[in-house]
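The entries below follow the order in which I looked things up.

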Amino acid sequence: MQMTTLTIITGDQLSQNLASLKAIDRGRDHVLMAELWDEVEYVRHHLKKIVLIFSAMRHFAQALEDDGYCVHYHRFDPAASMRSFSDAVAAHCKRHAIDEIVVTRPGEWRVFDAFNRLEKTLGVPVRMVEDERFVSTPGEFAEWAGARKNFRMEFFYRLMRRKTGLLMDAEGQPEGGQWNFDADNRKKWKGRPESARPMSFAPDDITREVIDLVSSCIDGFGELDGFDFGVTPGQARRALAHFVKTGLPWFGDYQDALPDDEDYLFHSRLSAYLNIGLLDPLEVCRAVQAAWQAGEVPLNAAEGYIRQIIGWREFVRGIYWLKMPDYAEQNFLDGDQPLPEWYWSGRTKMRCLERAIENTRRNAYAHHIQRLMVTGNFALLLGVRPPEVCEWYLAVYADAFEWVELPNTLGMVMFGDGGLLASKPYAASGKYIQRMGDHCANCRYAVSERTGDDACPFNALYWDFLMRNQKLLDDNPRMRMMYRNVERLEPAEKAAITKRANWLRENVEAL
Ligand code: FAD
Ligand code: DLZ
């Protein structure tokens, strides 16, 4: 007798080439998709993220049905008792004779764990297949990681360049004679060339219905007005083509810039499309490579962009699956402060933070340097408890899924893993923020001052961070210069820094 399988597709698996869809008998097997309270509530997601996922799920389900799949789709019902993936699968198996449950490896450990426990509770075999929408696999990463104590993205990235052949010449060498052009990618943007904007999409009927639903019954974070994400693969591809033409040529040069009044500058806003499956990472990289081959963009832009995708994106995923679930508990620097309430409200007088959080609240987006060197840097310097920082990043961005959020937050920002992911903490004073943009010129605090009442809070907190963590960090060769500068401080200056930093911590809500 032939078996009937049930394939579950989660809200970040919206790809027609998904591994679990490949062996399906469209006339017999079932596909299950569900909008669920547990997924809506496990953090206080941005409202735009919820709309993006529900609308993209509904479009995807429609496309599958049009292709002849037998899709069972549960729309969000605030009164439903079915809350979780496990509830949805159990209810389905009660109503239908299912011989096997199939799922592609989920993007978050808690869901992965729940599916792994399902077989025992339901008595139906569960088969988990690998997510093939990445360049690498957790197994390949584990092999590369081997017995290394610290992992460096750069070396894994080179492996991925060789594996994909991206930007490699006929002799197997990197195009341009270099693997990495990061040194060319640190320009301050002074208003020219004109900034680009990601492609904007007017909501269609399905999206409008979802917006009404979400605004009527979900208490999420941020603003829902102005929702303009694409919700289908076709729209995501148009957004990619638009970025390649308008943003990519300058992506490299201004990748680290922090202009005061720009939400995106030359960043692509493609991460959410990539992470929910509307875009394929290799398709994106090939489009970028083709633009370079056609002479439309410089090599530092193409290489810089491709490195983010086959380098950082793959690398953080490898770390996540290698180290979870213990990774989430790490707190190397013993952060013990609460996350300031204004991370949620945006009400702070520090201009750089206010701009980054405002971007986040309006757009469910902030570019990498805002995430790393503004909101992240401040949380690091303040010494916030890592789980609170991680929860915030997982909630507020449309692209946030734990496999990519956690290593970036806990590892890259909070140095919670003690240097497994990053070779040193990304700690910086106000001077860095001043150098990369013009927030400081618009700020109520003085970036030139270290300890006075009006001094930029980043300054005292930065020196205090170095002094507080000296025992843990001063044998790190990449911190040597910073600690040489600490040694040059007079005892009175050190005392004044500690006093100011303690005051800042006690009064952080008023900053
Ligand atoms: P672009 O600047 O245009 O970059 C191109 C693409 O490269 C991105 O779309 C993304 O897919 C990839 N990329 C770039 N940097 C990284 C990185 N460090 N790790 C993984 N992929 C990267 N990215 C997420 O996709 N989801 C997250 O939840 C997330 N959380 C983050 C939390 C913190 C604290 C930090 C510092 C970074 C985080 N990032 C996350 C990485 C990065 O900031 C975003 O991918 C990027 O800002 C998305 O905007 P974009 O598409 O315009 O990126
Ligand atoms: C983020 C999210 C939200 C808000 N809602 C749903 C949902 O109702 N149904 C669903 O399948 N997925 C949703 N998602 C995405 C999931 O949280 C994401 O797929 C898992 O975290 C990956 O393990």
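This is a predicted model: local features need pLDDT of at least 70, side-chain atom pairs count only at pLDDT 80 or more; totals for chains, interfaces and linings use all residues.

My notes begin with the ligand and then turn to the aromatic rings.

**Entry 1: the ligand shell.** I looked up the residues around ligand 1 and found 29 of them, the closest being H267, S268, R269, N275 and Y365. I then sorted the shell by class, which gave 15 nonpolar, 9 polar and 5 charged residues.

Entry 2: The side chain of S268 places an N or O atom 2.7 Å from a ligand oxygen. In Y365 a side-chain N or O atom lies 2.7 Å from an oxygen atom of the ligand.

**Entry 3: burial of the ligand.** I looked up the area of ligand 1 taken alone, which is 810 Å², and the protein buries 99% of it. I also asked which elements give two or more residues to the shell; these are α11 (271–276), α13 (299–323), α16 (368–382) and α18 (402–413). The largest share, 6 residues, comes from α18.

Entry 4: I located F141 in helix α6 (residues 138–145) and F156 in helix α7 (residues 153–164), 15 residues apart. F141 counts as buried because its relative accessible area is 1%. F156 is likewise buried, at 0%.

**Entry 5: a second pair.** I next examined Y320 and W321, which form an edge-to-face pair at 5.1 Å centre to centre, with 85 degrees between the planes. Are these two residues buried or exposed? Y320 has 0% relative accessibility, so it counts as buried. W321 has a relative accessible area of 10% and is therefore buried, the cut-off being under 20%.

**Entry 6: a ring cluster.** I traced ring pairs that link W342, Y343, F378, W392, Y393, Y397 and F458 into a cluster.

**Entry 7: charges over rings.** I found the charged end of R110 over the ring of Y42, 3.5 Å from the ring centre. I also recorded R444 over the face of Y445, at 4.5 Å from the centre of that ring.

Note on methods
Residues are numbered from 1 along each chain as its sequence is written. Chains are lettered from A and ligands numbered from 1 in the order in which they are written. Side-chain values use heavy atoms; hydrogens and water are left out. A residue is near a molecule or strand if one of its heavy atoms lies within 4 Å of it. A polar contact is a pair of N or O atoms within 3.5 Å; within protein, one must be able to donate a hydrogen and the other to accept it, and residues adjacent in sequence count only if both atoms are side-chain atoms. Accessible areas come from the Shrake-Rupley method with a 1.4 Å probe; for residues, only the protein chains shown count as cover. Helices (H or I, at least four residues) and strands (E, at least two) are DSSP runs, numbered from the N terminus. Ala, Val, Leu, Ile, Met, Phe, Trp, Tyr, Cys and Pro count as nonpolar, Asp, Glu, Lys and Arg as charged, and the others, Gly among them, as polar. Buried means under 20% relative accessible area, exposed over 50%, partly exposed in between (1.4 Å probe, protein chains only). Rings of Phe, Tyr and Trp (its six-membered ring) pair if their centres lie within 6.5 Å; planes under 30 degrees apart count as stacked, over 60 as edge-to-face and the rest as tilted. A charge sits over a ring if NZ of Lys or CZ of Arg is within 6 Å of the ring centre and within 35 degrees of the ring normal.
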